[in-house]
Amino acid sequence: MPPASTGSRCVGRRVSASPSSRASSRTDSLPSGRKRTERRQGSDPPRPMNTRRPCPWYLLLLCAWMGAATCLGLDWRPGDQGRIARLTVVPTGKTGFALLDAAAHGIRFTNHVAIANAKINNNLLNGAGLAAGDFDGDGWCDLYFCNLGGTNALYRNLGNWRFEDVTLSSGTACPGQASTGAVFADLDGDGRLDLLVSSCGGPVTCFLNLGDGRFANATAASGLAAGDGTTSMALADVDGNGTLDLYVAAYARMSLLRSGGAIATRTVNGRTVATGPGSERIRIVNGRMVELGEPDTLYLNDGKAHFTPVSWTNGAFLNEAGQPLREPPRDLGLSAIFRDIDGDGAPDIYVCNDFDGPDRIWMNDGKGRFRALPRLAMRSGSRFSMNADFADIDRDGFDDFMVADMPSRFHVLRTTQMGAMDGAQRQPGRFLDRPQIRRNTLFLNRGDGSYAEIANHAGVAASDWTWCLAFMDVDLDGYEDLLVATGHAYDIQDFDATEKMERLGRPRSAADARDRLLLFPPLRTPNYIFRNQGDLTFAETGTKWGFDSLQVTHGMVLADLDNDGDLDVVANCLEGPPLLYRNESDRPRVAVRLKGKAPNTKGIGARVRMTGFGLPQTQQLLAGGRYLSADEPLRVFAAGAPTNKLAVEVTWRSGLRTLVREVPADSVLEIDEAGAVAAPPAPVEVARPLFADASALINHRHAENAFDEFRRQPLLPKMLSQSGPGISWHDWDGDGHDDLIIGSGMGGTLSVYRNRGDGTFAAVGDAAYTPKAAADQTGVVGWTPAPGRNGLLVGLSSYEDGTTNVPAALNLQWAPGLAPETTMIPGTASSTGPVAVADVDGDGDLDVFVGGRVVPGRYPEASSSRLFRNHGGQLVEESADRRIFAGVGLVSGAVFGDLDNDGYPELILACEWGPIRVYRNERGQFREVTGELGFERFTGWWNGVATGDLDGDGKLDIVASNWGLNGMYEASESKPLQLFHGDFDRDEFVDLLEAEYEGDKVYPRRDLYVLGAVFPGLRDIYATHRAFGEATLGQITKAMHWETKAVRATTLASMAFLNRGSTFQPSLLPREAQFAPAFAVCVADFDGDGRQDVFLGQNLFALAPDTPRLDAGRGLLLRGNGRGGFDALSAGQSGLEIHGEQRGAAFADYDGDGRMDLAVTQNGGQTYLYHNQGAIPGLRVRLKGSPGNPTGIGAQIRPGNGAVLGPVVEVQAGSGYWSQNSAVAILPAVVPGSHVEVRWPGGRVTRTSVPAGAKTVDIAIGQ
């Protein structure tokens, strides 16, 4: 590379603003009632004088004579594969933007919409956008603004932040067109940027650049003279022929229902249908009128700016099943973006649709044929989708994306606007749909064509009424941040205004209906920046970084307006001047422009990858795709240190590649496609997954019936009736092979699958062993109730019945040659959850713990659990145990585990609204030591719990599943999640008030619309939704004279706790474990490397009807590192892919090959059986214990080689979530001289040598 030029820019000394334009402040009331100080636009903050080289006097004179735009451009020098311009950037420690006075810099423009027009056509309030691009080729990026109520404006950039209005001379005014969006692009391949302008009811105007500052209106010849309500546009080469094709999103030229339109209906064949004008855009769904939009259009470009529309129904567009569409989608399209979503080099399409129409994601086959994204690739979508943008937010090489919606960040607005979803009862087992959520959605690319939705985890689920968003690395740290433009002329979601209109009755006329728009209050919310913290979380920094204007902001573009190599921001606002932001960040950067082969002269669609600083950074060159707007075709990358040398690789749309090495920091590159060469073939890695799906061997599906528990407690945050089933591996028939037992929902039957011993199963049809479920079955455990007898314990839930008539558990026993006998463990007020078995007192027989999950109708009050001692085959609850476990809490998971290696198992409980509780076993007597061990401060929504030696030190550690960090709730020690409760209406059922923090104040989470339906008295005290939204929870309970109690959770993360003897060291499981609620927990060495791994069963759909389901999990395998840490395996690595609500899970080596297989249940869905095909085979160890405990439940097994012992494995009956693993342990593959050490229940230790070549060893207690 040549040395940097010493005259790369001329920047004169900044002149101080006149007194009339100096900084002044104003205060604007935010919806929360707080005051925000915003700098007026007449107060340009001075840029530090030493950030650029001063311009010599003679060059200033030359500039004055020639014009600044000619003089102050970049100083280009020839470079490798193109040219380069060096930048001089002096560190100043600043990050963010300075808001400039647009008018003072020559931009005198306002997007104006007359209220009379807006009342007639609400669609005009959707705003207008702008486009950025160097239309005259002078090296300075120019700006074009759209106007819905007047003429558009083109501003030529003169350099040094001065702009000139050249609208009239350029011929681009579009008078009377109601222009919505714009994009600069080279449509005819002549190297000049042409201009496209969309409109509300007018044409898509096509301006061809004549090269002399003028444009020719070629709309009629272009084929774009449509009259629909077109919005955003995007261009890309969809068919690989080199030309830029065009996708135009369409909303509707006129709003119908929202503008007071009256639609006639009639009945046809028993169905109500719309008739008359506009009826083609109306559908009646479930008695509700739904307004449709106008079809979008994909146009193919012949390379000469002549466009041909592509038919929706001729096979160019296919549905998920690969079938041609029958009709064009009639969605309300707001924006569309081309992006190579799947990394195959071809541009795919993402279309954001408003209201009921789902977003459309069209995957390109590379030849311009599109197929809808597979249904399970995205599990949900935003309901009011405005705009989408893509970025590799975690720098793993895969593009993630975010979709903008409308939820507020302010409590008072959340309680005066509509909720998260349309309330609807969910069907158990249904997960193939893609529900719409009324919030932002952020989709993390898993790298296999599917996405996990993580907006809540990332902290970006709410950003108020968002029109445009843009990923951009503001602080140049290598991670792209998120810019958000918000606001609306009227808050048409406001409940108070809606109720006022309802009180007014039916409109007297169309004019009256339209006037009611004015009843809605204005919606002035700040714009935001969310800083990417590099860990899949974002922190809002808009005010700190100077980006928090309260203007109603619609279109927004990124462009380098001052040629300093970073991206400035410009936005088009409604009834206000544009926002002109100068980027103040001073960190090293590399900016990249492309010079593509004609006709794609800007390299649109190319992927640019930069390495040399941190993780690789990748971006794509796009044309259009912003909301009604289009960026300058330039990409900026963080360069790290000023001395760094970077490598930039461009993969062009043609598939050719250009690599530029030794790129200095603080430079601008223009890379020419002329030197591109064929890219080396990418290595094809076909890794064999660890597990293979063997579910067909059992073909089981859990039965679950819908139950409306909200009639009893209408404000429950989640459903407790869809919690099962559990699953157990147990030698049911005593033939030495593990059989599979699966619980059922009420009305189904217990399922038993007999292991034939050859790797296959046979369903047991004998009703004596598979009784019909009179209630939902919960925990399932196989055990030995007495010497010579076999048995099953099956928990029974009384939650739906709501009485004590339902037994706590079914106790099914049998002996060889005798018919099974069924007894019942009597029920109590507490509905049963987990069941666990162990020899708690060292007397050689097995005792039983039955966990109390909940008291029906009394959630979240504590339930009671019970411990039954085995006295000669009889289960007896002793008074001391009754006292210990009375009111212990909402027990969701239970496991016995010998935490202190004394031969007596401790009892560990996972409690909702409580901690992980630990009861120390002191030679058969239990004492709670939760606080002593450090668990007391970790109160959560714990679901499952398991033990394992995660760090190989011979002590059992604990793994517990929790709600996760990707839900709507947040919890910390300083601001815990709180649920206030009490019988407020004296109906014997517990009433609930969920709480949330805003600042240091606590408010009710739910709004007056919901709470007022349950507690009508609230409406007598709070006449408006706003008044209720401004009231704290304490004020509300005082006004209502409610006496409340509260339960609290301080953590929602799934965690591991490492046993340090006198305490446990907490650590969060990897981030993928936090993407969804987890239930099942299995700890085993699944890959055979001698280290304990963890499987988590994930997802929860059984939530309140207005709450989005939590579905970002697919079952997760965490590979242990032997030190207590884990790495998450992808579905491709693990072979596990389960999309429903996973509940119980258990492992066993069912085919005797020395590898742990896995079975996973789903509520209302298929049970998955996974055969382990990839692990290193290990040594199978079978214990032969006492007659009352023949499988050695509670024994601890360790492999040994000399004095070195490996991780401990404990035989357990009941663990994780309502499940039981096999009693056959698998240890790492043996080496000569190995032995197995066993600590038996009661503390006796034996050591057994392993014969050479042995695959299985049987060890007896007296051996």
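Q: Which residue caps the N-terminal end of helix 8?
A: This is a predicted model: local features need pLDDT of at least 70, side-chain atom pairs count only at pLDDT 80 or more, and totals for chains, interfaces and linings use all residues. Residues are numbered from 1 along each chain as its sequence is written, and side-chain values use heavy atoms, with hydrogens and water left out. Helices (H or I, at least four residues) and strands (E, at least two) are DSSP runs numbered from the N terminus. A side-chain oxygen lies 3.2 Å from the backbone nitrogen of Asp-496, and the capping residue that carries this oxygen is Asp-494.

Q: What covers the buried residues of helix 8?
A: Buried means under 20% relative accessible area, exposed over 50%, and partly exposed in between (1.4 Å probe, protein chains only). In helix 8 (residues 495-504), the buried residues are Phe-495, Asp-496, Ala-497, Glu-499 and Met-501. Their cover includes helix 11 (1008-1014), helix 12 and helix 13.

Q: Which residue takes a positive phi just after helix 8?
A: Helix 8 spans residues 495-504. The phi just after it is about 85 degrees, and the residue is Gly-505.

Q: Within what arc do the buried residues of helix 14 fall?
A: In helix 14 (residues 1033-1040), Leu-1033, Ile-1036, Thr-1037 and Met-1040 are buried. The arc is that of the directions from the helix axis to the C-beta atoms. Seen down the axis, the buried residues line one face of helix 14, because they fall within an arc of 95 degrees.

Q: Which residues touch the most other members of the largest nonpolar core?
A: A nonpolar core is a set of buried Ala, Val, Leu, Ile, Met, Phe, Trp, Tyr and Cys residues joined through side-chain atoms within 4.5 Å. The largest has 66 residues, and strand 33 (residues 466-472) gives the most to it, with six residues. A second, separate core of 50 residues includes Leu-124, Phe-184, Leu-208 and Ala-623. In the largest core, the residues that touch the most other members are Leu-442 and Leu-483.

Q: Is Glu-480 buried or exposed?
A: Glu-480 lies in the loop between strand 33 and strand 34 (481-486). Contact means heavy atoms within 4.5 Å; beyond four places in sequence, Glu-480 is in contact with residues including Ala-391, Phe-471, Phe-538 and Thr-618. Its relative accessibility is 3%, so Glu-480 counts as buried.

Q: Which side chain does a polar contact of 3.4 Å join to that of Glu-480?
A: A polar contact is a pair of N or O atoms within 3.5 Å; within protein, one must be able to donate a hydrogen and the other to accept it, and residues adjacent in sequence count only if both atoms are side-chain atoms. The partner of Glu-480 is Arg-395.

Q: How many salt bridges does a search of the whole structure find?
A: A salt bridge is a side-chain nitrogen of Lys or Arg within 4 Å of a carboxyl oxygen of Asp or Glu. Arg-582 and Glu-584 form one, at 2.9 Å between the closest N and O atoms, and both residues are buried. Asp-136, Asp-138, Arg-156 and Glu-164 are linked in a network. The search of the whole structure finds 64.

Q: What relative accessible area does Lys-955 have?
A: Lys-955 forms a salt bridge with Asp-953, with the closest N and O atoms 3.0 Å apart. Asp-953 is partly exposed, at 29% relative accessibility. Lys-955 also counts as partly exposed, because its relative accessible area is 24%.

Q: Which are the edge strands of the open sheet of five strands?
A: The sheet has the order 42-41-45-46-48, with antiparallel pairing. Two strands pair if DSSP finds at least two bridges between them; strand 41 (residues 607-611) and strand 42 have four. The edge strands, each pairing on one side only, are strand 42 (617-620) and strand 48 (677-678).

Q: How far is the backbone oxygen of Ala-808 from a polar atom of the side chain of Thr-832?
A: Thr-832 lies in strand 58 (residues 831-838). Thr-832 is buried, with a relative accessible area of 4%. The distance from the backbone oxygen of Ala-808 to that side-chain atom is 2.8 Å.
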